[in-house]
Each structure stands twice: as structure tokens, then as C-alpha cells.
Amino acid sequence: VFCAMGWACWKTYLGRPERDSNRQLAMSVLGGGLSEARHHEDALSVKEADFATRRRIGVSEHNLLSVQSNLASTYEMLG
């Protein structure tokens, strides 16, 4: 269910600007949903894109560290 909600969020907010907080949240929800569904390779791609986007638009260091933590968890799941 979480994975389906992630895709629905992403489809809804994809057309918004990168700086839009709903778009950023949708990408996070999609990455988390893919992880919950054990689609770790797909989750990794989404989370890497999320990190790159957030770094490019200049979010806070705290925000970047949170995304990096999610990335690290995904790498751990992949072994």
C-alpha cells in the first residue's frame, strides 16, 4: 500500500518545480514505499535522485543529512 501511495504522490506532483515541498515529499514517500516493498534497487535510484535534487536546490544541511541517512539504509539493505 505504501508503495502504491508513493507512486500516486509522485504522479500527482511530478510536474511541479523542484523546489516545491510537495514534490520533494512525494519523492521521499516514493523512495520509502519502494523500500517497504523490498524494491531496494528502485528505491536507491529514487533516493539518489532525491539527494541530488535537494543538493542542487540548496536545502539545509540537516535536510541533506536526513536524505543521506535514508540512502545509507538502502545501501545496507542491498548489501
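Residues are numbered from 1 along each chain as its sequence is written, and side-chain values use heavy atoms, with hydrogens and water left out. Because the model is predicted, local features need pLDDT of at least 70 and side-chain atom pairs count only at pLDDT 80 or more, whereas totals for chains, interfaces and linings use all residues.

Helices are DSSP runs (H or I, at least four residues), numbered from the N terminus. Helix α2 covers residues 21-36. The expected span of a helix is taken as 1.5 Å times one less than its number of residues. For the 16 residues of α2 this gives 22 Å, in agreement with the 22 Å between its end C-alpha atoms. At the N-terminal end, α2 is capped by D20, a side-chain oxygen of which lies 3.0 Å from the backbone nitrogen of N22. The helix is followed by R38, whose phi is positive, near 65°.

Residues are classed by relative accessible area as buried (under 20%), exposed (over 50%) or partly exposed (in between), with a 1.4 Å probe and protein chains only. R38, in the loop between α2 and α3, is exposed at 65%. The C-alpha atoms of R38 and A26, twelve residues apart in sequence, are 18 Å apart in space.

The buried residues of α2 include R23, Q24, G31, G32, G33 and S35. They pack against α1, α3 and α4, contact being defined as heavy atoms within 4.5 Å. Q24 has a relative accessible area of 13%. Not counting residues up to four places away in sequence, Q24 touches E18, R19, D50, R54, I57 and V59. Its C-alpha atom is separated by 9.1 Å from that of W10, 14 residues apart along the chain.

A nonpolar core is a set of buried Ala, Val, Leu, Ile, Met, Phe, Trp, Tyr and Cys residues joined through side-chain atoms within 4.5 Å. The largest such core has eight residues, namely C3, W10, A26, M27, L30, L34, A43 and V46. Two or more residues are given to this core by each of α1 (2-13), α2 and α3, and the largest share, four residues, comes from α2. Apart from this core lies another, of seven residues, among them F51, I57, V59 and L64. In soluble globular proteins, nonpolar side chains tend to be buried together.

Helix α4 spans residues 61-78. Its 18 residues reach 26 Å from the first C-alpha to the last, close to the 26 Å expected. The buried residues of α4 are L64, V67, L71 and T74. Seen down the helix axis, these residues fall within an arc of 80°, so they line one face of α4; the arc is that of the directions from the helix axis to the C-beta atoms. An α-helix has 3.6 residues a turn, so residues three or four places apart point the same way. The buried residues of α4 pack against α2 and α3 (40-57), whereas E61, H62 and E76 are exposed on the other side of α4. After the helix comes G79, with a positive phi near 90°.

Leaving aside neighbours within four places in sequence, T74 is in contact with S35, H40, A43, L44 and K47. With the same exclusion, the contacts of A43 are G31, L34, S35 and T74.

Conventions:
A polar contact is a pair of N or O atoms within 3.5 Å; within protein, one must be able to donate a hydrogen and the other to accept it, and residues adjacent in sequence count only if both atoms are side-chain atoms.
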